[in-house]
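Here are a few notes from going through the model. Please read them with the coordinates open.

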Amino acid sequence: MKIFVVNAGSSSLKYQLIDMENETVLAKGLCERIGVSGSITHKAADGREYNAETAMPTHSEAFETVVYAMTKSDAKVIDSFDEISAIGHRVVQGGSIFKESCIITDDVLEKIDELGALAPLHNPAHVLAIRACIKTFGSDIPQVAVFDTSFHQTMPAKAYMFPLPYEYYEKYGVRKYGAHGTSHRFVGNRLIELVNKPEKELKVITCHLGNGCSITANINGACVDTSMGFTPLDGFMMGTRTGTLDPSALTFIAEKENLTPAQINDICNKKSGMLGVSGVSNDNRDILAAANSGNERAYLALRMQRYQIIKFIGSYVAAMNGVDAIAFTGGIGENDAGLREEICANLTYLGLEIDPELNAQRGKEIKISTPKSAVDVYVVPTNEELAIARDTLALIS
């Protein structure tokens with residue numbers, strides 16, 4: 001059985017085709033500059049590629065290009081889309097409506113569209129893509145929505161409510177929703193399998209660290225708290241996002257610079273974080289290189305982010321009254337051994353100890369804590385596409 005996984009943005013379309021019999025990726029690709037010019041980068045599992053510049057005024061043309069790439073190009077992997085059993089879509093915001101993945105109906109699509117105010121950069125794009133997908137492939141192929149926020153719906157009210165007048169929660173749904181939930185669910189469940197203590201109430205912390213970053217605490221696979229909030233802006237500093245800060249700093253800057261709410265939002269989401277502090281880049285590799293060359297602001301950005309990660313982990317240890325295992329994932333979490341070493345060096349009060357040689361390995365699933373460590377520490381590569389495909393398969397079955 002083959003599942004087509006879609007992750008759509010306003011001008012992009014990432015996809016994978018997964019054979020669920022052995023959970024192998026048959027092909028993956030990316031359509032970019034939808035609505036402007038259009039291009040596709042498509043790669044089959046055996047290394048064959050199809051790359052082309054082609055007009056993509058809308059997501060419909062993007063899907064048609066994907067169909068050509070997968071069924072007719074030199075990098076084709078199937079003869080027809082009739083071989084595909086279902087399509088799984090990543091959807092960023094499910095609000096408090098969608099507590100789990102679901103088959104897409106007209107009513108579901110309407111509700112995803114209504115939640116666009118909570119994720120204006122994401123949900124409208126998902127709706128466009130889903131509608132284009134239905135137009136391209138017809139309504140006979142089941143389509144499934146997998147929500148980034150659904151995993152966090154197990155948080156108690158004390159964790160997800162904001163100390164604002166309660167009426168804003170009642171009127172507008174202003175509360176913590178979290179993000180990266182599909183990744184945290186995949187990594188958290190894998191971590192529980194690796195630790196393998198079914199007789200125990202297992203407390204784990206998953207650290208998704210990339211250009212966007214979040215940390216989640218879960219007990220026996222259920223989220224009890226997460227760092228991202230009403231939007232993915234909350235938490236600790238990221239590539240271009242501020243993370244948590246005093247709101248008065250923003251009103252102060254807005255008054256001094258005569259900025260609108262939209263301009264402040266743009267600064268907080270696109271010009272701050274590692275980029276804003278370092279002045280170098282939002283890419284961790286560039287910042288590391290600059291810091292190693294003596295750039296003090298780049299060094300400061302690294303210190304700030306790692307310090308904030310340590311504080312979040314410590315707060316979740318306190319919230320759960322302990323921790324059994326910690327996992328690092330995401331582009332930075334999986335590849336930056338120095339970051340993992342520095343964070344773990346500040347958690348020795350937990351009886352945590354890592355093996356420097358094991359920690360030096362990159363980009364693969366591995367236990368990096370020593371046998372005598374009181375807390376198990378792993379690197380677990382995330383696989384959101386596989387998680388989406390599994391949910392899709394379960395629902396259509």
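Are F4 and F81 buried or exposed? The points below start there; bear in mind that the model is predicted.

1. Both F4 and F81 are buried. The two rings form an aromatic pair with edge-to-face geometry. Their centres are 5.5 Å apart, and the angle between the planes is 90°.

2. F4 belongs to strand β1 (residues 2-8), while F81 sits in the loop between α1 (59-71) and β6 (84-91), so this pair ties together parts that are 77 residues apart in sequence.

3. The pair is part of a wider set. Ring pairs link F4 and F81 with Y15, F63 and F137 into a cluster. The count of aromatic pairs for the model is 13.

4. Next, an arginine. R306 lies in helix α11, which spans residues 296-320. R306 is buried, with a relative accessible area of 6%; the cut-off for buried is under 20%.

5. Which side chains make polar contacts with the side chain of R306? One is D336, at 3.3 Å. Another is E342, at 3.0 Å. Leaving aside neighbours within four places in sequence, R306 is in contact with L288, D336, G338, L339, E342 and I343.

6. Two other arginines are placed over tyrosine rings. The charged end of R175 sits over the ring of Y160, 3.7 Å from the ring centre. R303 lies over the face of Y299, and here the distance to the ring centre is 4.6 Å.

Methods:
Residues are numbered from 1 along each chain as its sequence is written. This is a predicted model: local features need pLDDT of at least 70, side-chain atom pairs count only at pLDDT 80 or more; totals for chains, interfaces and linings use all residues. Side-chain values use heavy atoms; hydrogens and water are left out. Helices (H or I, at least four residues) and strands (E, at least two) are DSSP runs, numbered from the N terminus. Buried means under 20% relative accessible area, exposed over 50%, partly exposed in between (1.4 Å probe, protein chains only). A polar contact is a pair of N or O atoms within 3.5 Å; within protein, one must be able to donate a hydrogen and the other to accept it, and residues adjacent in sequence count only if both atoms are side-chain atoms. Contact means heavy atoms within 4.5 Å. Rings of Phe, Tyr and Trp (its six-membered ring) pair if their centres lie within 6.5 Å; planes under 30 degrees apart count as stacked, over 60 as edge-to-face and the rest as tilted. A charge sits over a ring if NZ of Lys or CZ of Arg is within 6 Å of the ring centre and within 35 degrees of the ring normal.
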